[in-house]
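This report describes one protein structure, beginning with a single residue and ending with the protein as a whole. Please keep the sequence and the model at hand while reading.

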Amino acid sequence: MENNNNINRQPEDTYLDADPTVLPENAFRELGEDEDYRPVMHPARNYPEVTVYSVSMGLILAVIFSAAAAYLGLRVGQVFEAAIPISIIAVGLSGALKKHHALGQNVIIQSIGACSGVIVAGAIFTLPALYILQDTHPEITVNFLEVFLSSLLGGILGILFFIPFRKYFVKDMHGKYPFPEATATTQVLMSGESKKASSGQAKLLVVSALIGGIYDYVVATFGLWAESVSTTATAWGSALAAKTKLVFSCNTGAALLGLGYIVGIRYAFVIFAGSAFVWWVFIPLLGTYGAPEIASLSEGAIFKDYARLIGIGGIAMAGIIGIVKSRGIIAQAAGLAVREFKGGKASARPVRWQMDLSMKHVVFFMGLALLTVFLFFWLGVLGNLWQALVAWVVITVISFLFTTVAANAIAIVGSNPVSGMTLMTLIIASAIFVSVGISGTSGIVASMIIGGVVCTALSMAGGFVTDLKIGYWVGSTPRKQETWKFLGTLVSAATVGGVLLLLNKVYGFTGDDALVAPQANAMAKVIEPIMMGGDTPWILYITGAILALLLNWLGVPALAFCLGMFIPMDLNTPMLVGGAISWFVSTRSTDKSVNDSRRDRGTLIASGLIAGGALFGVFSALTRFIGGTFTIDMAEGLNQGLGVVMYLLLIGYLIWDSCRTRVSK
């Protein structure tokens, strides 16, 4: 008997009469016994998905957002997720071009374009460490091919390793995982089907991107106001820092403000709490009661040489905690992969929206990719067959096992602790390499290239589960998403390689005005003493690890807190400011619908600030690279004062525009 209350059980003609602009009511909940999920795009029909338009737009956006995400990630250590902004752009363009049946094409645009963020995370968290270590080891060389192949091969492995787990995470666990990022992105894509003024969203995104972009471009290129304000710029603040090492600072950039808004007050507060612990407790204690050689250092030097090493230990332990918590899922997913690899005959041909790439093809290309990785290490990095084999085994085992951890993290909280897992990987790999004779600068290069491959593989696996869940909800063809993801990976890897080389020439990764690259600095700090036979600060690492265990026991997100300990305070403060704005605009009204509407409008504006600020940051780098410095000299007090005024105006704009929404009753 058919259940007339269940849309999934209706005949095809009745199903097609349902509203194609709204997801089924069981899209976000667990299914009952004998209940099926039917997507918006009818499973029995074919829709335009892979077209010249969708592929070309996906590739263009992959290039743009790869450059933007690389710049922002190297500035603050946080890579913004490109899926939502790309989806908004795709919806706006399809509406402006009056495209029919655009949903399937928009999913492909988003899937290809979203390669940008995941490839960027894998590259910038690890490979800049090679540039950082060049200061003390000039014999270390970095070239485009190494960066490109590390990102490309890691991305390909992440795709191939995850495909066998798609059914488990996307279909079998339907309604059991919240998929926060996939949910938001899917709602954006569905909004384009409602024939409402979706172009209004695109317009708002463009306007806020121009405001944020021009704001950040002016300050980064011409220095008309302070990019970072600090209490040390005042007489009393300077005296306080000299006596107690106590400092407060805040970056005034638009991109960071938008990033804090999207992160939200809870995680922004935890991140800032980690920073406050280091800068307002640990550094003053060392500066006041530490050994004379430590107390004589500036607060910045104490942070760099001592305090943030505790954060490194905490980040690594937070990654271990995540793996231990996910051990059941790893075992379950690995068992599923083994069954898939056996390639049993299917009882019936799967419907279009459940068709993956052939498992035989997946296994073949997986073997080909792993062989390429082995040859890359043997002929391009190490030059030793036995050592290359050891490196290959490390990559294969860790990437495969941790693929499910990364996907699980994204599915539950929308955040991938890839940096912590990569740090742990580097420590394990370095210890193994030293035991087989890989040490010195060659060991540093090998470890960092391996870290790049593993980090990108884990980042890709975490991002890919979002793409495939979006496709599952709307009814796209997984096989098409999986196939064209490879092309997006290729383009993003090439873009990141070029941008990384450019930013190193313009800003560098060491020195006063260098890009902070926090995760890459952490990798460099971990690897150098192990490979060069120096003193490894195990006490500081262990202190951080114990702190992470205590935080986890207390229910505090250990990874966020420890990352706050490692990132400089001026980059963490705007995260808290943005999070506070998000809380403020979403709680001022007694009408929940008004609060929700304001929060969502603010999210769109914040996305524009992030994208515009990051993109124009790259333009600023190009400007400085081509024409040199354009900084305008002015008194420090005036520069800092203008920085405070401009930042307050930017905050005011974000609050004002977020609250300009009306909800009809």
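## N595 and its contacts

Leaving aside its neighbours within four places in sequence, N595 is in contact, meaning heavy atoms within 4.5 Å, with V585, S586, T587, R588 and S589. The residue belongs to helix α26, where helices (DSSP runs of H or I, at least four residues) and strands (runs of E, at least two) are numbered from the N terminus. N595 counts as buried because its relative accessibility is 8%, buried being under 20% relative accessible area, exposed over 50% and partly exposed in between, with a 1.4 Å probe and protein chains only.

## Basis of the values

This is a predicted model, in which local features need pLDDT of at least 70 and side-chain atom pairs count only at pLDDT 80 or more, whereas totals for chains, interfaces and linings use all residues. Residues are numbered from 1 along each chain as its sequence is written, and side-chain values use heavy atoms, with hydrogens and water left out.

## M565

M565 lies in helix α24, which covers residues 558-566, and counts as buried because its relative accessibility is 1%. Not counting residues up to four places away in sequence, M565 touches G274, S275, F277, V278, F303, R308, I310, G311 and L547. Although M565 and I271 are 294 residues apart in sequence, their C-alpha atoms are 7.7 Å apart in space.

## Cavities

A search of the whole structure finds two cavities of 30 Å³ or more, a cavity being a set of points, on a 1 Å grid over the protein atoms alone, where a 1.4 Å probe fits but cannot get out.

Lining residues have an atom within 4 Å of a point, and the largest cavity has 14 of them, with Y71, R75, D216, E227 and G253 lying nearest its centre. Two or more lining residues come from each of α2 (52-76), α10 (198-222), α12 (254-263) and α26 (592-627), and α2 gives the most, with four residues.

## The protein as a whole

The protein has 27 helices and two strands, and 58% of its 665 residues count as buried. Among contacts with a separation of 6 or more, 83% are between residues 24 or more positions apart.

Definitions and conventions: On a 1 Å grid over the protein atoms alone, a cavity is a set of points where a 1.4 Å probe fits but cannot get out, and a pocket is an open set with protein on both sides within 12 Å along at least five of seven lines; lining residues have an atom within 4 Å of a point. Grid points are joined across faces, edges and corners, and a volume is the space filled by probe spheres set on the points.
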